[in-house]
Amino acid sequence: MINNFTYYNPVKVIFGKETIALIAKNIPTDAKVMITYGGGSIFKNGVYDQVKVALTSFEVVEFGGIEPNPTYETLMKAVELGRIEKIDFILSVGGGSVLDGTKFISAAIPFSEGNEWENIVKAKRIKAAIPLGAVLTLPATGSEMNSGAVISKAETKEKFAMSSPLLFPKFSVLDPETTFSLPKKQIANGAADAFTHVMEQYMTYPIGAMIQDQFAESVLRTLISVGPKALENQTDYDTMSNLMWAATVALNGWISLGVPSDWATHQIGHELTALHGVDHARTLAVVLPHLMRYKKENKRGKLIQYAKNVWNETGTDDDLVEKAITNTINFYESLGIPTKGSVYGINLDTIKEIKTRFTERGVVYGENKDITPEAVEDILNMSI
Ligand code: NZQ
Ligand code: ZN
């Protein structure tokens with residue numbers, strides 16, 4: 001039975017070629033705009049120039065240097081600038097990190113009740129937010145059509161997700177041509193991240209949610225098809241547009257309506273990024289296949305369904321469970337993403353630290369709330 005749900009998603013998606021020009025019509029005419037960006041890719045691929053032309057009639061302030069896995073320390077500099085300049089709107093121009101960082105900035109500028117890391121990121125006390133929009137240049141996170149953000153603190157090597165309905169972008173521009181300049185590693189990361197987002201919401205246990213299951217399976221099949229093609233020919237508009245839209249719908253809430261979801265892979269993955277600096281998507285490849293094997297009895301129904309419907313496999317149920325896991329490993333590896341933690345330097349000390357952190361936080365994850373700190377230790381031991 002599908003569980004009761006409420007679905008709310010107010011993001012205006014503006015998709016296609018030459019759509020950056022449309023941002024001006026979607027920002028209040030008298031707004032003072034802060035443009036946020038990352039390490040400079042937008043200057044090399046022409047995206048910055050397109051944004052500046054579109055915003056000719058606006059007063060604009062710029063903040064650059066938001067790093068992958070955006071840090072509280074960097075973002076607070078943007079918060080100070082935004083407060084001084086009294087900005088009315090923030091336009092994120094870049095990948096998921098710039099957009100997540102922008103969501104934090106948007107919530108932090110009006111916040112005046114104490115430390116922003118403790119209150120906004122950890123306690124998720126978000127009472128107001130400066131409106132924001134996005135020009136997305138990297139298909140991966142789904143942040144462009146959701147209200148979440150993941151923020152790191154360099155000082156303590158922590159990384160936490162936060163969310164609030166106030167943090168949905170007012171609009172997101174998805175022009176697939178902006179992705180033509182992506183490094184291959186980021187294309188692979190994007191496909192792997194989106195794939196794992198679907199898996200977190202699908203690879204649980206069957207409840208007969210036909211739309212959610214079949215939608216999830218079609219997004220997985222799309223990513224399996226376009227991921228390798230995107231690596232081979234990243235200036236093919238059809239390929240990149242399918243990759244971009246797949247990544248968006250993978251995490252705009254649609255697949256998870258009324259169904260159980262897991263998210264343990266992401267929670268463990270955030271620790272691997274925080275402690276080892278491993279790219280987000282790569283942490284997921286280190287965890288998910290081993291979690292699937294560790295939980296193969298609980299996930300048996302879905303593993304069999306996935307092997308048949310996504311990978312067109314046949315055989316006994318035991319064969320199908322095994323094929324579900326090996327096909328998942330092969331998918332990540334086909335993108336050039338290793339699935340062994342040892343490749344990234346993850347070792348027993350890291351595993352011990354993660355177990356300690358989860359124990360101290362008193363957290364358990366997974367659709368059955370049985371991914372305890374001890375289970376996390378077992379899964380990570382399988383991965384190294
Ligand atoms: O910083 P610049 O110079 O822009 O370069 C970036 C960065 O080095 C580059 N890049 C982006 N677009 C480009 C480009 N280079 C050339 N051409 C382009 N068109 O790519 C590098 C990585 O960018 P980043 O934004 O870090 O990647 P991604 O979009 O994968 O975002 C990862 C972050 O999102 C979080 C992750 O934890 C991580 O911090 N996530 C956010 C989620 C959400 N808000 O819903 C969910 C996800 O599960 C994820 O946790
Ligand atoms: Zn992710």
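Predicted model: local features only at pLDDT ≥ 70, side-chain atom pairs only at ≥ 80, totals over all residues.
At what angle do helix H10 and helix H14 pack, and how far apart are their axes?

1. Helix H10 (residues 280-294) packs against helix H14 (residues 373-383) at an angle of about 115 degrees, and their axes are 9 Å apart. That angle makes H10 roughly perpendicular to H14. The crossing of H10 past H14 is right-handed.

2. Next, see which residues meet there. From H10 come Val-286, Val-287, His-290, Leu-291, Arg-293 and Tyr-294, and they meet Ala-375, Asp-378, Ile-379, Met-382 and Ser-383 of H14. Sorted by class, this contact has 7 nonpolar, 2 polar and 2 charged residues.

3. Now turn to the sheet. Its 6 strands form an open sheet in the order E1-E8-E5-E4-E2-E3, and the pairing is parallel. Strand E1 (12-15) and strand E3 (59-63) are at the edges with a single partner strand each, so one side of each has no neighbour in the sheet. On average, neighbouring strands of this sheet are turned by 20 degrees against each other, direction ignored.

4. Lys-12 sits opposite Phe-171 in E8.

5. Finally, have a look at ligand 1. It is surrounded by 36 residues, the closest being Gly-38, Gly-39, Pro-68, Gly-95 and Gly-96. The shell around ligand 1 divides into 10 nonpolar, 24 polar and 2 charged residues. Among the elements supplying at least two residues each are helix H4 (96-108) and strand E6 (148-153).

Methods. Residues numbered from 1 in each chain as written. Chains lettered and ligands numbered in written order. Near = placed C-beta within 6 Å. Helix = DSSP H or I, 4+ residues; strand = E, 2+ residues; numbered from the N terminus. Nonpolar A, V, L, I, M, F, W, Y, C, P; charged D, E, K, R; others polar. Axes fitted to C-alpha atoms, helices over the stretch in contact; angles between N-to-C directions. Parallel < 35°, antiparallel > 145°, perpendicular 65-115°, else oblique. Left-handed = near helix turned anticlockwise from the far one by under 90°. Contact = placed C-beta atoms within 7 Å. Pairing = 2+ DSSP bridges.
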